[in-house]
Amino acid sequence: MNTFLPTPTADTKFFWEATQNKELKFQKCRNCGHVRWPASIACPECHSFDFEYVISKGIGKIYSFVVYNVAFHEAFKQNLPYVVAIIELEEGPHILSNVITNNPAELRCEMPVKIIWESYENYNIPKFKPFEN
Amino acid sequence: MKYTHLKKLRDKYAIVGVGYTPQGKVPGRSALSFYVEAGINAIKDAGLKKEDIDGLICYRQFPAISNEPEATPYLVAQLLGIEPTVLSQESYCPRHHFVQAVSLLEAGFCNYVLIIYADNALSGRRMFIEEATHPEPKNDNYMYGEFGFVGDYALAARRAMFEFETGPNTWKEIAVSQRKWANLNPNATMYNKPLTYEDYLNSEYLIEPFRKLDASLISDGGRACIVTSVERAKDLKNPVVSIMGIGEANPSIDIHQATYITGPTGAKKASQMAFEMADITLNDIDACEIYDCFTYTVEITMQDYGFFKPGEGKDFFKDGFTAPGGKLPVNTSGGLLSEAYFMGLTPITEAVMQLMGRAEKRQLGVAIGNKKPEIILCSDNGGVLQTHATIILRRL
Ligand SMILES: [Zn+2]
């Protein structure tokens, strides 16, 4: 389904490098424990620059989601309708992604989801699908 | 009562002139041409000379369409033939324009501040709402097919549907009531285009839960107004409309991480500031002009302002409560949904025209079946609920 590749920056390079091993990697503040996203040089909670990396289990909930019925870029026309969602990961961060489903009508906020990796060129793209415990 | 020190600013500054241009679909015009026309018309409307303008604040400008030069504040000043002491243009929509104007006037850096927004977005096919060719992707959001304002606000609206009772049945009331106002306003893009609940509900989803009818228009045209002191305003030709209260808040967090998107948004803090400065309550408000980039924005703003409890918007907006003849008129020009999109200047200048008594067929008063307004509550917000300004205007 992917048309566009990730666009790693100086701040997100570690994140996209980790996805090559199918790992969802975040920075965790060593001072206060806050797991942050977007990636940043310092903790927005306590301003500590000291951090370690943590690997997310890739399990979370749908915080919110929308269903695109039109393509705002030609490249997405063949994907319609598709679901864009904010995923609340167990470790804390909210990340933007897609929920892969044949039935968008079944989705609801707070629904449990887990990660699936879609491979595209040299990248693995983190996406999510519903799952019941 | 954290903001009572602002009371000294109550009714001290005024909006003294409004500049309009042709609006809607106006092909063959540059964005700059609308800036210049709106600016000149505001100066004329206030009865001022261009030499009087010593502050110029431009709203955010999206990248120029085709080969036009960027509408920088320098170029706007040059083409207006003015040399402002203070010149600014915001980026990315923090809504500080009126707070900045009042601050500049209070400190004495400026005497007359001109505030403008203009664009040729419709003829130039700007792409925030319509299905259109989007520029090539620049960041990781595009990778997931997330293309900006409609999808982002729809994410907020969807979460709201989960947290309290809202959805299309609330939003259709907002869309239909505002269309009724537009049908009293010959300048409105949707003039003579009635809208029924059925039209709304039968229309396709654009990005579910939003339909196109939940989204702002895209417009060609411009809008401007001038802020000065009430003392100076008294010597000018228009009735005096004062800034009774003003407040601002910037929760800032991106929609994809934010949890304030279902309230309280910045509307709560900004309105507390404005109401403490004005020293009034919601009961004193005769009408509202609420920034309505989407129907949901009207709901969450008025909910955060305290007009109703979470989820009670469905009952609040029904039976034409905010439509012509209703108890609390909201967005009396048709708003961004049905009049035209000039950022916060659509709602704010409409409040000024209503308070000056210059709103013609849509003028609040006995003919419409509403009270002649003395106090109007306005809002402006930007980003995806990341910034909010509240302005309470009053006919002195
Ligand atoms: Zn920390």
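Visitor: How many salt bridges are counted between chain B and chain A?
Guide: Happy to start there. In this predicted model, local features need pLDDT of at least 70, side-chain atom pairs count only at pLDDT 80 or more, and totals for chains, interfaces and linings use all residues. Side-chain values use heavy atoms, leaving out hydrogens and water, residues are numbered from 1 along each chain as its sequence is written, and chains are lettered from A. With a salt bridge taken as a side-chain nitrogen of Lys or Arg within 4 Å of a carboxyl oxygen of Asp or Glu, the count between chain B and chain A is one.

Visitor: Which side chains meet in a salt bridge at 2.9 Å, N to O?
Guide: B:Arg159 is also, with B:Met143 and B:Tyr144, among the chain B residues that lose the most area to chain A, together 24% of what that side buries. The side chains that meet at 2.9 Å, N to O, are those of B:Arg159 and A:Glu110.

Visitor: What is the area buried between chain B and chain A?
Guide: The contact (heavy atoms within 4.5 Å) takes 41 residues from chain B and 35 residues from chain A. Buried area is the accessible area (1.4 Å probe) lost on putting two parts together, summed over both. Carbon and sulfur atoms give 60% of a total of about 3200 Å².

Visitor: Which residue of chain B stands opposite A:Val67?
Guide: Helices (H or I, at least four residues) and strands (E, at least two) are DSSP runs, numbered from the N terminus. Strand 4 of chain A (residues 59-68) runs antiparallel to strand 5 of chain B, joined by two bridges. In that strand 5 of chain B, the residue opposite A:Val67 is B:Glu208.

Visitor: What is the bridge partner of B:Val241 in strand 11 of chain B?
Guide: Strand 8 (residues 241-249) and strand 11 (residues 387-395) of chain B run antiparallel, joined by eight bridges. Within strand 11 of chain B, the partner of B:Val241 is B:Arg395.

Key
Two strands pair if DSSP finds at least two bridges between them.
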